[in-house]
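Biologist: Could you put the model up and walk me through it?
Modeller: Here it is, and I will start with the terms.

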Amino acid sequence: MKIVVLMKQVPDTYGERILDPSTGLVDRSGSDAVIDEIDERALEVALSYKDAHKDVEVVVVSMGSTAVTVGLRKGLAMGADSAVHVLDSALAGADVGWTSTVLAAALTTTGFDLVIAGNESTDGGGGVVPAMVAERLGVPHVTYLESVQISDDGVVGERSTGRGKLRVHAALPAVISITERLPEARFPKFKGIMSAKKKPFTVASLGDLGIDPAVTFAGVGRSVVLQTTKRPARASGKKIVDEGNAGVELADFLVAGHLL
Ligand SMILES: Cc1cc2nc3c(=O)[nH]c(=O)nc-3n(C[C@H](O)[C@H](O)[C@H](O)COP(=O)(O)OP(=O)(O)OC[C@H]3O[C@@H](n4cnc5c(N)ncnc54)[C@H](O)[C@@H]3O)c2cc1C
């Protein structure tokens, strides 16, 4: 079985995340670029299955800038068998439509039985790329899974709704996305770090994937950030001392803030 894990490079959530107001894009110089933690958990799902099934091949795929290399190498060090980095300057500012088109083309090139993605990235946060990729590939998708059981012919998992839990199933080939309820990723071991250097690492341009942006994206709308506004600095809180009228003061405060 071939499992492909989609891994997105994002600004480190522990650093300051800054938008460039002139372009609407992330100012990546403001923080370290890391692979999104949710995607490392997605890789852990794949590697745990591979631990118990030696015939499983795990491929990590990312579309992003040159900084993605470090994250993909980490994926190889954790235990993935090969990596594909989609790198092309024409992809700067790609929206979810372009991103899903390109990832679907990459997956067509790698081949797959199961694709595992995070449910939602920590920067764009659209939460739609896995479903869009599945639609483009014409395969079933079960998203926002809190548990995953993989077998030779299908994948089963649980997904929460506002009122309870759904147990869902898809036959392979399929795309799934997982939530933070799935276990944290393992740390790469020294042996893994050394062997990662010898594992296949493909850098693919749009041309390599059979995509001519002038043709594929011609007439296809792309959403663009028009304006960004910096979040106002956090103001100091209001302290209410109870002198017999704290309830009224609290209620007034909440009403003034449109919180009641
Ligand atoms: C500052 C900023 C500016 C942006 N500007 C625009 C803009 O002008 N127009 C616009 O429409 N969009 C814009 N985006 C959105 C950006 O292009 C999206 O982040 C990207 O298309 C993926 O969408 P998402 O992060 O919402 O994916 P989600 O659907 O939240 O991602 C879910 C999962 O899909 C997979 N995935 C997503 N992207 C990738 C990837 N590149 N490689 C591998 N796996 C991936 C991962 O497994 C991820 O966990 C901007 C984002 C930011 C942060």
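Modeller: Helices (H or I, at least four residues) and strands (E, at least two) are DSSP runs, numbered from the N terminus, and two strands pair if DSSP finds at least two bridges between them. This is a predicted model, where local features need pLDDT of at least 70, side-chain atom pairs count only at pLDDT 80 or more, and totals for chains, interfaces and linings use all residues. Residues are numbered from 1 along each chain as its sequence is written, and side-chain values use heavy atoms, with hydrogens and water left out.

Biologist: OK, what is the strand order in the open sheet of seven strands?
Modeller: The order is S7-S11-S6-S1-S4-S5-S12, with parallel pairing. Strand S7 (141–145) and strand S12 (201–204) stand at the edges with a single partner strand each, so one side of each has no neighbour in the sheet.

Biologist: And by how much are neighbouring strands turned against each other?
Modeller: On average by 20°, direction ignored, where axes are lines fitted to C-alpha atoms, for helices over the stretch in contact, and angles run from 0 to 180 degrees between N-to-C directions.

Biologist: Which strands does helix H1 touch?
Modeller: Helix H1 (residues 37–52) packs on the sheet and touches strand S1 (2–6), strand S4 (57–63), strand S6 (114–118) and strand S11 (174–178), its direction making about 145° with that of S6; contact means heavy atoms within 4.5 Å.

Biologist: What about S8 and S9, parallel or antiparallel?
Modeller: Strand S8 (residues 147–151) and strand S9 (residues 154–161) pair in the antiparallel sense over five bridges, forming a hairpin with two residues between them, and Ser147 has Glu158 in S9 as its bridge partner.

Biologist: Switching to the largest nonpolar core, which residues touch the most other members?
Modeller: Ile3, Ile116 and Ile150 do, out of 39 residues, and H1 gives the most to this core, with seven residues. A nonpolar core is a set of buried Ala, Val, Leu, Ile, Met, Phe, Trp, Tyr and Cys residues joined through side-chain atoms within 4.5 Å, and buried means under 20% relative accessible area, exposed over 50%, partly exposed in between (1.4 Å probe, protein chains only). Apart from that core lies another, of 27 residues, among them Val102, Leu107, Ala117 and Phe217.

Biologist: Is Thr101 buried or exposed?
Modeller: Thr101, found in helix H3 (residues 96–110), counts as buried at 19% relative accessibility. A polar contact of 3.3 Å joins the side chains of Thr101 and Arg136; such a contact is a pair of N or O atoms within 3.5 Å, where within protein one must be able to donate a hydrogen and the other to accept it, and residues adjacent in sequence count only if both atoms are side-chain atoms.

Biologist: And Ser177, where is that?
Modeller: Ser177 is in strand S11 and is buried, with a relative accessible area of 1%.

Biologist: Last topic, which residues come nearest to the ligand?
Modeller: Of the 33 residues around the ligand, Lys8, Ala94, Ser121, Gly126 and Ser223 come nearest, a residue being near if one of its heavy atoms lies within 4 Å. A polar backbone atom of Gly127 is 2.8 Å from an oxygen atom of the ligand, while a backbone N or O atom of Met63 lies 2.9 Å from a ligand nitrogen atom.
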